[in-house]
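Subject: Structure handover

Hello,

Here is the structure we talked about. Please open it and keep it on screen while you read my notes.

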Amino acid sequence: MSSSAIRHDWTKAEIEALFALPMNDLLFKAHSIHRETFDPNEVQISRLLSIKTGACPEDCKYCPQSARYDTGLEKERLLEIEKVITEAKSAKAAGASRFCMGAAWRNPRERDMPYLTQMVKDVRALGMETCMTLGMLSPDQADELASAGLDYYNHNLDTSPEYYGDVITTRTYQNRIDTLSNVRASGMKVCSGGIVGMGEKATDRAGLLQQLANLEQHPDSVPINMLVKVAGTPFEKIDDLDPLEFVRTIAVARIIMPKSRVRLSAGRENMTDELQSMCFFAGANSIFYGCKLLTTPNPEENDDMTLFKRLGLHPEQGPSADIDSDSALLAKANAKKDKATQQFFDAGAI
Ligand code: SAM
Ligand code: DTB
Ligand code: SF4
């Protein structure tokens, strides 16, 4: 049996035993598994855009967008499609292959659906992969988004089932699992992960990864967020997590979900280059690129490009506008992508 066989029956004890390995053994194991599936020097690049900001009715204790906490955030209505397209074009020009649109909703309303599906079609027509995170989805809503061509849906489990009630009370863990099954059933790819550094115990980090790995199918993308502590949220003053525990979380995610993209997500702004390098070695192969996440800062593009150069990393090339078309058109599109990648590096010449 290959060391990266796909399993869905991980026990908490097995996962905790991986976390407890000496760091060198853990990193060696994770990196060896990483190389079996992925180009170890390639990182997929996504750009995030908040398409509807703030005033969310949910009570997620980490979130600056909850209406229940005074975080000084300026709320915004759903963005016009033209504005979203302008942002997507600039993300593509900067080298992003996936465009992720996030809304501070418990769930989308029916009357928003035609608008959202049009947004997906227009972004996809630019030749980018599309992702949305809009809260809970019904089976019909998931089908509508899938039919519009939405590639990925992001919906995080956030933490272990045991710690979940200390973080969110306005929706259940089962609600989240249900949305993930609706997304999977619609044929879209699943992006699901969580947040660490929220005051959870080590066993909760293992529990989160256990839930993700034991889903019927592993999520295609697994974002691992380090809590961004925002003033005004209940988690504002929570103790820092040992950064090496973050690296361990990435490594264990890589080992137990060997074919998934593991995304080094929120929190990079406060990470050193050396910590991020360890995360890439441990199996992270995706990032959010661009100076803003949804509402909080992310590293400047130039800083990321400089780090990529220092580490010899390159961005994954995205699909093309001709994604479903014939091979001649695809070849043409590939040439365009090569140019975009070149521009990515040229723009960041150091
Ligand atoms: N409102 C939708 C929902 O929660 O399903 C989608 C947007 S929500 C902001 C997407 C994810 O961002 C959350 O599930 C959470 O994992 C992450 N997130 C939000 N605030 C964060 C913070 N302060 N630090 C790290 N991750 C955060
Ligand atoms: C995910 O797991 N992380 C991203 C994305 N999915 C939508 C969001 C991070 C948000 C960080 C806080 C903020 O910028 O508002
Ligand atoms: Fe709302 Fe999503 Fe923030 Fe929770 S994480 S408060 S659902 S925007």
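Predicted model: local features only at pLDDT ≥ 70, side-chain atom pairs only at ≥ 80, totals over all residues.

Helices and strands here are DSSP runs, numbered from the N terminus. A helix needs at least four residues and a strand at least two.

UniProt, in an unreviewed entry, lists Cys 56, Cys 60 and Cys 63 under "binding site". The lining of the largest cavity takes in Cys 56, Cys 60 and Cys 63.

Is Cys 63 buried or exposed? Cys 63 counts as buried, at 19% relative accessibility. That call rests on the cut-off, because buried means under 20% relative accessible area. Cys 60 is buried too, with a relative accessible area of 8%. Cys 60 lies in the loop between strand 1 (42-52) and helix 3 (81-93).

Now the contacts, leaving aside neighbours within four places in sequence. Cys 63 is in contact with Tyr 69 and Thr 233. Cys 60 is in contact with Ser 66, Tyr 69, Val 167, Ile 168 and Arg 176.

**The second set**

The UniProt annotation "binding site", again from an unreviewed entry, also covers Cys 100, Cys 131, Cys 191 and Arg 263. Why do they gather at one spot? They span 164 residues in sequence, but no two of their C-alpha atoms are more than 13.7 Å apart, so they gather there. The lining of the largest cavity takes in Cys 100, Cys 131, Cys 191 and Arg 263.

Look at two of them. Cys 100 sits in strand 2 (residues 98-103). Cys 100 is buried, with a relative accessible area of 3%. Arg 263 is in strand 8 (residues 261-264). Arg 263 counts as buried at 1% relative accessibility.

Beyond four places in sequence, the contacts of Cys 100 include Cys 131 and Phe 288. Those of Arg 263, counted likewise, include Cys 191, Ser 46 and Phe 288.

**Ligand 2**

Which residues come nearest to ligand 2? Of the 13 residues around ligand 2, they are Asn 156, Asn 225, Leu 294, Thr 295 and Thr 296.

- A polar side-chain atom of Asn 154 lies 3.1 Å from a nitrogen atom of ligand 2.
- For Asn 225, a polar side-chain atom is 2.8 Å from an oxygen atom of ligand 2.
- An N or O atom in the side chain of Thr 296 is 2.8 Å from an oxygen atom of ligand 2.

On its own, ligand 2 has 400 Å² of accessible area, and the protein covers 89% of that.

Best wishes

Definitions and conventions
Residues numbered from 1 in each chain as written. Chains lettered and ligands numbered in written order. Heavy atoms only, no water. UniProt positions renumbered as here; feature names shortened; annotations may be inferred. 1 Å grid on protein atoms, 1.4 Å probe; cavity = no way out; pocket = protein on both sides within 12 Å on 5 of 7 lines; lining within 4 Å. Buried < 20%, exposed > 50% of the residue type's maximum accessible area, 1.4 Å probe, protein only. Contact = heavy atoms within 4.5 Å. Near = heavy atom within 4 Å. Polar contact = N/O pair within 3.5 Å; in protein donor to acceptor, adjacent residues only side chain to side chain. Areas by Shrake-Rupley, 256 points an atom, 1.4 Å probe, with all protein chains shown as cover.
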